[in-house]
Amino acid sequence: MNERRIETVAVHAGTRVDPGTGAVTPAIHPSTTFERDADGSYPRGFLYARNSNPNRAALEECLAALEGGEDAAAFASASAATAAILLALEPGNHVVAPMDAYHGTSRLLRETFARWKLDTTFVDMTDAAAARAAIRTNTRLVWVETPSNPLWKVTDIAAIGEIARRAGALYVCDNTTATPVLQAPLELGADLVLHATTKYLGGHGDVLGGAVVTRTRDAVFERIRAIQASGGAVPSPFDCWLVRRGIRTLPYRVRAHSDNALRVATFLHGHPRLEAVHYPGLPTHPAHDVARRQMAAFGGMLSVQVRGDAARAMEVAAKLRVFTRATSFGGTESLVEHRASIEGPGTRTPENLLRLSIGLEHPDDLIDDLDQALA
Ligand SMILES: *Cc1c(COP(=O)(O)O)cnc(C)c1O
């Protein structure tokens with residue numbers, strides 16, 4: 001495609017009018033197997049659905065185009081995509097990862113991959129000196145996630161990328177929260193981008209999915225591709241179709257989520273019943289300048305710390321009427337979550353913190369709802 005503007009990519013990449021039927025909207029292909037030619041070749045590119053299938057190929061082409069990468073591999077969840085990246089490393093390799101990585105990512109590193117001799121140092125990625133100090137001669141992977149959950153800390157992607165590059169380590173950015181609409185990690189030095197398509201890309205809370213997008217089709221990506229096919233943690237054709245359908249409106253949704261979140265954060269900032277509001281779009285955010293530099297807007301996620309204890313925070317969540325009490329984010333409806341109780345014992349999340357996924361309702365209705373719940 002000649003046009004690189006993200007709205008056009010979101011609508012067109014990987015989709016074309018079906019030559020057989022003229023269907024404008026892509027079909028769902030549930031077939032697990034594909035016909036070969038008489039000589040045994042399969043010139044249409046599909047052999048068996050775990051290896052590849054038309055819906056997954058269309059989604060992968062679209063994801064690569066959105067991030068400006070050369071290729072992408074779609075998985076059944078972001079956790080499966082993360083596991084594939086970690087499996088592409090070798091036992092004895094060292095990983096530098098953020099202290100506040102998505103808790104599933106930390107858990108994979110601590111509980112599963114530690115047993116397979118991947119050693120991880122968890123650092124505060126907003127402190128470049130700390131990240132640099134964590135590098136060892138056997139460091140092969142540096143992982144960042146920004147803005148990060150649930151305090152929405154902002155990591156300087158280019159600065160940490162320079163540290164990873166000097167160490168000769170693979171550099172991965174989890175771009176789930178910002179999405180390619182707001183942030184372009186591959187342009188800022190990342191080798192791979194990770195997505196939970198479960199969130200904004202799917203966008204409607206009706207499909208689980210993950211993806212790895214690569215800057216270049218190199219040996220590491222080929223290994224991830226092989227793990228995708230042989231490990232088999234792949235999304236169904238219908239899942240791929242749903243994510244691809246969600247992406248069509250992604251740029252418009254993400255801007256609306258961001259506009260609404262900024263309106264809500266501005267209302268909440270300085271509220272007498274709150275101890276803190278965490279949102280990268282507020283000028284008082286400690287890395288607001290970094291966020292302005294590397295993001296087009298500040299996303300739909302924010303957290304508040306209620307004055308009082310966990311019970312008081314739960315009480316506020318219970319009074320909300322427009323927000324639904326549930327985990328996850330990136331759907332059209334606003335959600336509220338008492339994060340510490342989801343993360344369980346040992347969590348670093350403050351007990352008075354509520355995480356808000358700002359949806360696509362009218363922002364004044366969200367503000368009115370928060371206003372009455374905090375009263
Ligand atoms: C949700 C999420 C994941 C994991 O996604 P799943 O599809 O549930 O495995 C990974 N990273 C981030 C930042 C997330 O928000």
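This is a predicted model: local features need pLDDT of at least 70, side-chain atom pairs count only at pLDDT 80 or more; totals for chains, interfaces and linings use all residues.
1. The ligand is surrounded by Ser-77, Ala-78, Ser-79, Tyr-102, Glu-145, Asp-174, Thr-176, Ala-196, Thr-198, Lys-199, Gly-209 and Phe-329. Sorted by class, this shell comprises 4 nonpolar, 5 polar and 3 charged residues.

2. On the nitrogen side, an N or O atom in the side chain of Asp-174 is 2.7 Å from a nitrogen atom of the ligand. Of the 380 Å² of accessible area that the ligand has on its own, the protein covers 93%.

3. Helix H10 (residues 250–268) and helix H14 (residues 363–374) have axes that come within 9 Å and cross at roughly 30°. Because angles under 35 degrees count as roughly parallel, H10 and H14 are therefore described as roughly parallel to each other, and their crossing is right-handed.

4. The loop between strand S4 (139–145) and helix H6 (157–167) holds Pro-147, and the peptide bond from Thr-146 to Pro-147 is cis, with omega near -10°. Pro-150 is also placed in the loop between S4 and H6, where the peptide bond from Asn-149 to Pro-150 is cis, with omega near -5°.

5. Lys-117, although not a glycine, has a positive phi of about 65°; this residue sits in the loop between helix H4 (103–112) and strand S3 (119–123).

Conventions: Residues are numbered from 1 along each chain as its sequence is written. Side-chain values use heavy atoms; hydrogens and water are left out. A residue is near a molecule or strand if one of its heavy atoms lies within 4 Å of it. A polar contact is a pair of N or O atoms within 3.5 Å; within protein, one must be able to donate a hydrogen and the other to accept it, and residues adjacent in sequence count only if both atoms are side-chain atoms. Accessible areas come from the Shrake-Rupley method with a 1.4 Å probe; for residues, only the protein chains shown count as cover. Ala, Val, Leu, Ile, Met, Phe, Trp, Tyr, Cys and Pro count as nonpolar, Asp, Glu, Lys and Arg as charged, and the others, Gly among them, as polar. Axes are lines fitted to C-alpha atoms, for helices over the stretch in contact, and angles run from 0 to 180 degrees between N-to-C directions. Helices (H or I, at least four residues) and strands (E, at least two) are DSSP runs, numbered from the N terminus. Angles under 35 degrees count as roughly parallel, over 145 as roughly antiparallel, 65 to 115 as roughly perpendicular and the rest as oblique. A crossing is left-handed if the near helix is turned anticlockwise from the far one by less than a right angle, and right-handed if clockwise.
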